[in-house]
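Hi everyone, thanks for making time for this. I'd like to walk you through a structure that may be new to you, so please have a look at it before I start.

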Amino acid sequence: MVPKSPPFGDRSVPLTTNMSVHIKAMAKPSNREKILTEGLRVVHARGYAGASVRDIVEAAGVPQGSFTNHFTSKEAFGLEIIDLYFASARELMHQTLHNAELAPLQRLRDYIEGTRAHLAKDRMRNGCLFGNFTAEACDHSELIRQRLVEIFAEVQQAVADCLKAAVAAGELPADFKCDDVAGFVVSSLQGANLLAKAQRSPDPVDCLAQVLFSTVLR
């Protein structure tokens, strides 16, 4: 005897194979997401000028026309991968500089160590994307230059807030110039990142941390 089919709309009916496949297909990354994630990797490794649109779409495994379908220009694409990279940087800032569960100076130490660890993933070959774009694109794109200025300002403010918390906690003297030192930290870390890339070594970042915590933050 053939069992009766359950009534239409019965919520107890399990998903059919076709429905499951359809849901899995919907979860696949779009061509735009592929271009951004793979494009970020390519540009970080080859540089903004050194990575062509062809290189980017080949890495993403999508037709070349997909790039122009989703991005009005390479500049627009560049701005988006900067923000994608900054999303990861913000997460590190959240875990370190903004982490009220840690002592303030430990937050800063962890932030620098987290930056070092991120650069070490490719043996210091690619450096910091922000520094790379600053060197490559600022003379050719005012929009990219302005975005980088905004990003560096946000990082500097996070460092300044961390230093002010250190003053409040008694880790630094009351007259400590938090804003000035925050600017020094951000610019010095960018310089150390650049040297680390050139030397293929974390030594410049380690040297910065050693001098910062043994001499400046006392």
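Helix H2, residues 31-46, supplies four residues to the lining of the second largest pocket, the largest share of that lining. This is a predicted model, by the way, so please keep that in mind throughout. H5 and H6 join H2 here, each giving at least two residues to the lining of the second largest pocket. How much space lies in this second largest pocket? About 260 Å³. Thirteen is the number of residues lining it, and nearest its centre are Leu40, Arg41, His44, Tyr85 and His118. If you sort the lining of this second largest pocket by class, you get four nonpolar, six polar and three charged residues.

Now let's move to the largest pocket. Its volume is about 390 Å³. There are 22 lining residues, and those closest to the centre are Tyr85, Ala89, Leu92, Tyr111 and Thr115. Which elements give two or more residues to the lining of the largest pocket? They are helix H5 (74-95), helix H6 (104-120), helix H8 (142-168) and helix H9 (178-199). H5 gives the most, with seven residues. By class, this lining has 13 nonpolar, seven polar and two charged residues.

Let's stay with Tyr85 for a moment and turn to the aromatic rings. The model has seven aromatic pairs. In one of them, the ring centres of Tyr85 and Phe130 are 5.0 Å apart and the planes stand at 90 degrees, so this pair is edge-to-face. Tyr85 sits in helix H5 and Phe130 in helix H7 (residues 129-137), so the pair ties together parts that are 45 residues apart in sequence. Are these two residues buried or exposed? Tyr85 is buried because its relative accessibility is 10%, below the 20% cut-off. Phe130 is buried too, at 6%.

Phe130 has another partner, Phe86, in an edge-to-face pair with 5.8 Å centre to centre and 75 degrees between the planes. Phe86 belongs to helix H5 and Phe130 to helix H7, 44 residues apart, so once again distant parts of the chain are linked. Phe86 counts as buried, with a relative accessibility of 0%. Put together, ring pairs link Tyr85, Phe86, Phe130 and Phe152 into a cluster.

Another phenylalanine I'd like to show you is Phe67, which you'll find in helix H4 (residues 65-70). Phe67 is buried, with a relative accessible area of 3%. What does Phe67 touch, leaving out residues up to four places away in sequence? Its contacts are Ile35, Val53, Ile56, Val57, Ser73, Lys74 and Phe77. Phe67 and Arg54 are 13 residues apart along the chain, and their C-alpha atoms are separated by 9.2 Å.

Terms used. Residues are numbered from 1 along each chain as its sequence is written. This is a predicted model: local features need pLDDT of at least 70, side-chain atom pairs count only at pLDDT 80 or more; totals for chains, interfaces and linings use all residues. Side-chain values use heavy atoms; hydrogens and water are left out. On a 1 Å grid over the protein atoms alone, a cavity is a set of points where a 1.4 Å probe fits but cannot get out, and a pocket is an open set with protein on both sides within 12 Å along at least five of seven lines; lining residues have an atom within 4 Å of a point. Grid points are joined across faces, edges and corners, and a volume is the space filled by probe spheres set on the points. Ala, Val, Leu, Ile, Met, Phe, Trp, Tyr, Cys and Pro count as nonpolar, Asp, Glu, Lys and Arg as charged, and the others, Gly among them, as polar. Buried means under 20% relative accessible area, exposed over 50%, partly exposed in between (1.4 Å probe, protein chains only). Contact means heavy atoms within 4.5 Å. Rings of Phe, Tyr and Trp (its six-membered ring) pair if their centres lie within 6.5 Å; planes under 30 degrees apart count as stacked, over 60 as edge-to-face and the rest as tilted.
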